[in-house]
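Subject: Structure handover and findings

Hello,

Here is the structure for you to take over. Please open it first, then read the notes under it.

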Amino acid sequence: MVSVAILGAAGGIGQPLSLLLKLNTAVTRLSLYDLINVPGVAADVSHINTDSAVEYYIGQDQLNAALEGIDIVIIPAGVPRRPGMTRDDLFNINASIVRGLVEAIAESCPHAIIGVISNPVNSTVPIAAEVLKEKGVYDPKRLFGITTLDVVRASRFIRDIRPEIDTTTLRVPVVGGHSGNTIVPLISLAEPKIELSQKETEDVTHRIQFGGDEVVKAKDGAGSATLSMACAAARFADSVIRSFGGAAVIEPAFVPLAADSSGAESIRKLGAGDLEFFAVPVLLGKEGTSKILPIAGVSAYEAGAIKTAAAELKKNIDKGVHYTKNS
């Protein structure tokens, strides 16, 4: 019995994510929330022949009801990036949206696993953490920024230059954050091991970091990465669900390092320093983060990229914390 709420279910990510989670037979209740258009989304996916019950809730006055009894909350709500926009340009709008949604989560399902998609994740996850702290229900093990798309892109983009590789089995750790040069793929630690030239490494690293821009440009003002993000979010949700059943599942996520202080030590030595949040490989468990997996042996190029990422992340995190404490 697993209940999942999607906050922003009628949006570009929310609709395909609703479809994918309706197809997940482990989900028994799917709660769809948005400000507009959600009745049609709910009616549509409810016709799919899996056993989960589909409910919809529309408008602010139904938000708390949408969250009652929920185990996993996924938040894709907010405005998408458009050509010329950075994730920081989204901040003022999406920051207030995330804050309001997390306040309701704190009231209605304070023990739920929370997965934040709304950008800029490097700042919205700290906002969520501060709100939960204010409400007295903060559990760092249960809060995640969903960065699965970065590892999905890493394996796919590497296959584009090494077609003999099976992208479904290639695992490339990605650490740091979830925007631009805060995204650091650790290609030297890929499993199975792959050999790339320095130029290939630098080129594919840049493509992974700015893969979202490819989609924004190709959609020509019509949106950002929605389908691939929904696929990545569905994978993350499924991993959480499987961990509820006792499976040992590893997923990347932008998490509070306080979720596993011991495991975070190698990440801090790697370059995270005293940052409160960092994207790391996480062993999931019934309570959320069970363990932050240690990382060592990165290349000199990757170490430099982590240093750059950490400096930018500090600004992103501070921005989210400052917003919550001063708004």
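The notes below cover backbone geometry, pockets and salt bridges.

First, the ground rules. This is a predicted model, where local features need pLDDT of at least 70, side-chain atom pairs count only at pLDDT 80 or more, and totals for chains, interfaces and linings use all residues. Residues are numbered from 1 along each chain as its sequence is written, and side-chain values use heavy atoms, with hydrogens and water left out.

**Backbone**

Most peptide bonds are trans, and most residues other than glycine have a negative phi.

Proline 120 sits in the loop between β5 (113-116) and α5 (121-134).

Another cis bond joins glutamate 191 and proline 192, with omega about -5 degrees. Proline 192 is in the loop between β8 (183-185) and α7 (198-209).

Now phi. Asparagine 37 is exposed, at a relative accessible area of 52%. The classes are buried (under 20% relative accessible area), exposed (over 50%) and partly exposed (in between), computed with a 1.4 Å probe on protein chains only.

Aspartate 220 also has a positive phi, about 50 degrees, and is not a glycine. Its loop runs between α8 (211-219) and α9 (227-244). Aspartate 220 counts as exposed, at 66% relative accessibility.

**Pockets**

The search uses a 1 Å grid over the protein atoms alone. A pocket is an open set of points with protein on both sides within 12 Å along at least five of seven lines, for a 1.4 Å probe; lining residues have an atom within 4 Å of a point. Points are joined across faces, edges and corners, and a volume is the space filled by probe spheres set on them.

The largest pocket has a volume of about 720 Å³. Its lining counts 40 residues, and Pro76, Ala77, Gly78, Val79 and Pro80 lie nearest the centre. β2, α4 (91-108) and α6 (148-161) are the elements that give two or more residues to this lining. The largest share, 4 residues, comes from α4. By class, the lining has 19 nonpolar, 16 polar and 5 charged residues. Here Ala, Val, Leu, Ile, Met, Phe, Trp, Tyr, Cys and Pro count as nonpolar, Asp, Glu, Lys and Arg as charged, and the others, Gly among them, as polar.

The second largest pocket has a volume of about 540 Å³. It is lined by 23 residues, with Arg171, Val172, Pro173, Arg235 and Ile250 nearest its centre. α6, α9 and β9 (249-256) each supply at least two lining residues. β9 gives the largest share, 4 residues. This lining divides into 14 nonpolar, 4 polar and 5 charged residues.

**Salt bridges**

Side chains of opposite charge can pair when their charged atoms come close. The structure holds 17 salt bridges. The cut-off is a side-chain nitrogen of Lys or Arg within 4 Å of a carboxyl oxygen of Asp or Glu.

Arginine 142 pairs with aspartate 139, with the closest N and O atoms 3.3 Å apart. Arginine 142 is buried, at 13% relative accessibility. Aspartate 139 is partly exposed, at 26%.

Arginine 242 bridges to aspartate 238, the closest N and O atoms being 3.1 Å apart. Both lie in helix α9, 4 residues apart, about one turn of the helix. Arginine 242 is partly exposed at 41%, and aspartate 238 is partly exposed at 25%.

Lysine 314 and aspartate 318 meet in a salt bridge at 2.8 Å, N to O. They are separated by about one helical turn, because they are 4 residues apart in helix α11 (residues 300-325). Lysine 314 is partly exposed at 41%, and aspartate 318 is partly exposed at 37%.

There is also a network: salt bridges with shared partners join Arg156, Asp160, Arg207 and Glu214.

Best wishes
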